[in-house]
Amino acid sequence: MKKLKRVLLILLGIVALLTLTGFIFLNTLTPTYEGEKALNALSANVEVYFDPYGIPHIYADNEQDAIRTLGYVHAQDRLWQMELLRRVGAGRLSEIFGEIALDNDKFFLSLGIDDYNAKTVAKLDRTDSAVTLTQAYLDGINQFIEEGPTPAEFYLTGLEKQPFTLKDVYNAVAYMGFTFNKGARDIVNTNLLGRLDSTYTQALFAEKPSKEILIPTNQTEEFRELRDIEKSISGLMEQLPVPVFYGSNSWVLAPAKTKNGKVLFENDPHIAQAQPSVWYEAHLVTPDYEKYGFYLAGVPFPLLSHDRKMAHGFTMLANDDTNFYYEEVHPTDTTLYRYGEEWRKFEYVTKSIPIKGDTPLDFQFKKTHRGPVVNANYARRTRVEGNRLVSMHWLFTQFENRLLQGLYEINHANNMEEFKQALPKIHAPGLNVMYGDAEGNIAWWGTAKLYRMPEGSSTKFILDGASGLEDPVEYLDFKYNPHCVNPSWDYVYSANNQPDSTAGLYIPGYFANSSYRAGRIVDMLEEKKDGWTKEDMATMANDVTLRTAVDQMRKWLDALQGQEVTREQQQFAEMLSAWDGKFNLESVGGVFFQKMQEKLHHAIFADEFSSVEEYRSYVVQLKTERIFDDPLSPWWDDVSTPEVKETKTQILNTAFQRSWEELKQQMGTDTNQWTWDKRHYLEHDHPIGRVESLRSFFNVGPFPTSGTGGTLNNQEFSIRKDGTYKVRSIPSTRRIIDFSDIENSIGILPTGQSGNPLSKHYRDQAEMFVNGEFRKMMMNEQEIKASSESLLLFTPEN
């Protein structure tokens with residue numbers, strides 16, 4: 001017995017020792033928020049005060065010292081995020097994740113981002129202020145890599161840390177640019193035209209190709225391949241371990257519209273939910289420069305920022321900066337393609353892709369003068385011999401890359417005119433740049449390299465590449481870009497909706513439905529003519545009313561009049577008729593509205609396609625609102641029942657009954673329990689959280705959450721197999737700047753400031769975010785130092 005006790009005591013001692021060792025080891029991986037560190041090349045001491053949410057307030061004698069320090073503290077909280085972001089656009093994810101990331105790497109390598117940026121970096125003036133500050137930022141990152149603890153993700157993946165370079169910064173920005181891109185829908189549109197008779201498709205598109213198209217009613221092999229190309233591109237973007245940019249809201253109010261007579265500014269960019277949060281907040285202060293900014297991982301200048309003079313933010317312009325072209329291959333020499341009257345040679349590029357746990361893969365792709373041939377390079381199906389090749393023309397890589405200089409200049413502008421002068425440097429991605437300042441100016445500019453197409457050509461479909469007659473005929477000067485400065489109606493706004501015409505044309509693109517977020521912004525700003533406060537702006541940012549939902553519900557219920565329904569259904573319909581269109585957690589009407597939308601969409605459109613998979617591949621193009629008010633539309637007839645011609649009323653009744661029965665199966669027979677909080681949830685996914693055993697450690701949530709796709713509190717979701725709705729796109733921050741009280745402006749991040757799971761700031765804002773709360777974006781030095789939880793002092797190395 002004594003021997004057994006001794007053995008047990010020894011075992012307990014070993015366990016305790018291992019636990020203590022593990023605790024000490026994990027503790028060494030956490031960010032350092034206090035103490036003293038020597039930093040190379042500093043000219044003087046730099047003080048970093050971390051506020052109660054872990055946001056660094058950096059006080060330095062000059063901007064170069066401040067930004068060098070920013071690189072260090074940014075890296076200690078977000079090094080893993082920086083690592084992913086520099087790799088994805090360069091096609092280097094397989095080195096971390098193995099063969100599962102191979103399609104992603106092929107795709108981005110064929111885009112040529114890495115090669116394009118290598119040429120850009122080689123031409124840089126190394127004495128340019130933007131470049132010298134960027135290099136100082138990188139030096140700070142690299143010193144952390146050399147001296148700081150290694151984040152847990154590097155241990156779990158076995159990845160060695162490597163220094164960051166200027167090209168990594170450009171690759172991160174280029175990836176952001178591509179995620180704004182919705183051009184792959186051109187392929188779906190072309191495919192849909194080829195899949196269905198024009199009597200079906202004419203109501204779905206706002207514009208048509210210039211020439212008559214003989215549209216087959218049977219799906220050919222070529223159309224199946226086009227669908228696979230688009231699915232390949234879309235599928236790759238969905239699987240990326242870094243978030244995709246979706247859209248945004250912003251509105252800026254002039255002094256005449258506000259209670260305190262100063263500009264109020266709101267911006268909430270919508271990005272795929274992810275952990276860590278997309279933005280890293282930091283406040284830099286020197287004797288001649290101050291900026292409170294929201295930084296992308298590995299990028300030295302904030303994309304969103306404000307100071308005491310001005311504020312700016314972005315939303316996605318949603319212009320079409322990617323076009324696809326059919327290419328004609330020479331009949332006897334497949335190395336040639338036709339362009340006008342000449343035959344040009346394809347360019348063949350070979351890259352070696354390192355793959356974790358395997359030998360490197362040599363990958364060859366081919367290009368035309370426009371860009372990569374997409375269906376020969378990375379589509380998941382092998383191209384069918386004899387079918388036409390499709391090339392991709394992306395504006396980002398066609399012009400000089402001055403985006404970094406543009407970001408530097410807008411963050412160093414002293415007034416609105418200087419700010420405006422920097423905008424032409426942002427040629428892609430297309431952005432709505434929102435602006436407000438302490439002088440009372442408000443403005444909006446669309447920044448992009450806009451172009452004019454030949455008369456009758458539509459960029460919403462695959463173009464004719466062989467003739468050369470469907471290339472852009474003109475690139476417009478920036479002065480023709482849409483903009484609005486100090487309008488008489490005292491506000492500017494953007495919700496990714498179509499801008500008004502400019503230079504005699506409408507910008508081609510894939511814009512958000514203006515009847516939802518854009519319409520709601522205008523309604524609310526017009527309803528309250530003046531007296532707006534910061535608190536009013538916060539309430540509006542959290543609004544969960546889906547504009548037009550009440551009207552849509554009424555139309556559905558009106559169509560059910562005279563149909564056979566049970567007493568219980570009749571009582572439920574009466575309750576629905578009183579619904580206010582809000583998607584709060586207690587909403588029953590929201591649950592039924594969403595289910596009815598799903599079932600109605602399926603009842604209208606699915607029967608025209610050969611399979612559920614094919615129907616789902618066209619969901620974005622199949623818009624119920626385009627045909628709902630036309631009772632004679634051929635879409636109302638269910639072609640699977642040729643002996644009967646269904647009417648609009650019959651289809652609506654079918655959708656209602658299917659919605660009713662499915663909700664009873666999924667949520668029970670008590671309709672009072674059909675509430676939004678039981679269906680709609682937000683979980684912030686970390687790439688390593690996909691491993692189930694690590695999910696609770698790396699992921700944040702899940703939380704029931706209000707809002708839906710199309711509300712100002714935009715909570716776009718995917719439908720899960722169990723019928724629940726997992727949020728996929730959220731406001732990546734909400735920020736409200738009040739120029740009457742700049743030091744008490746407010747903001748919030750979806751989870752927390754740190755990307756390190758061991759930091760207390762990894763998830764400390766998550767519940768505040770889902771509850772619609774805000775915290776102060778602190779700028780008052782005395783308050784910062786008094787409330788700071790810690791001080792990290794950086795000293796010159798020598």
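I started with Ala318, which sits in the loop between strand 9 (310-316) and strand 10 (322-327). For the record, helices (H or I, at least four residues) and strands (E, at least two) are DSSP runs, numbered from the N terminus.

Ground rules before going on: this is a predicted model, where local features need pLDDT of at least 70, side-chain atom pairs count only at pLDDT 80 or more, and totals for chains, interfaces and linings use all residues. Residues are numbered from 1 along each chain as its sequence is written, and side-chain values use heavy atoms, with hydrogens and water left out.

Back to Ala318. I looked up its phi and got a value near 70°, which is positive in a residue other than glycine. Is Ala318 buried or exposed? Ala318 is buried, at a relative accessible area of 4%. The cut-offs I use: buried is under 20% relative accessible area, exposed is over 50%, and partly exposed is in between (1.4 Å probe, protein chains only).

Next, Asp490. Its phi is also positive, near 70°, and again the residue is not glycine. I found Asp490 in the loop between strand 21 (483-485) and strand 22 (491-494). Asp490 is partly exposed, with 24% relative accessible area.

Then I went through the cis peptide bonds. Which residue does a cis peptide bond join to Gln275? That is Pro276, and omega is about 5°. Pro276 belongs to the loop between strand 5 (264-272) and strand 6 (280-286).

Last entry: the bond from Gly701 to Pro702 is cis too, with omega near 10°. Where is Pro702? I found Pro702 in strand 24 (residues 700-704).
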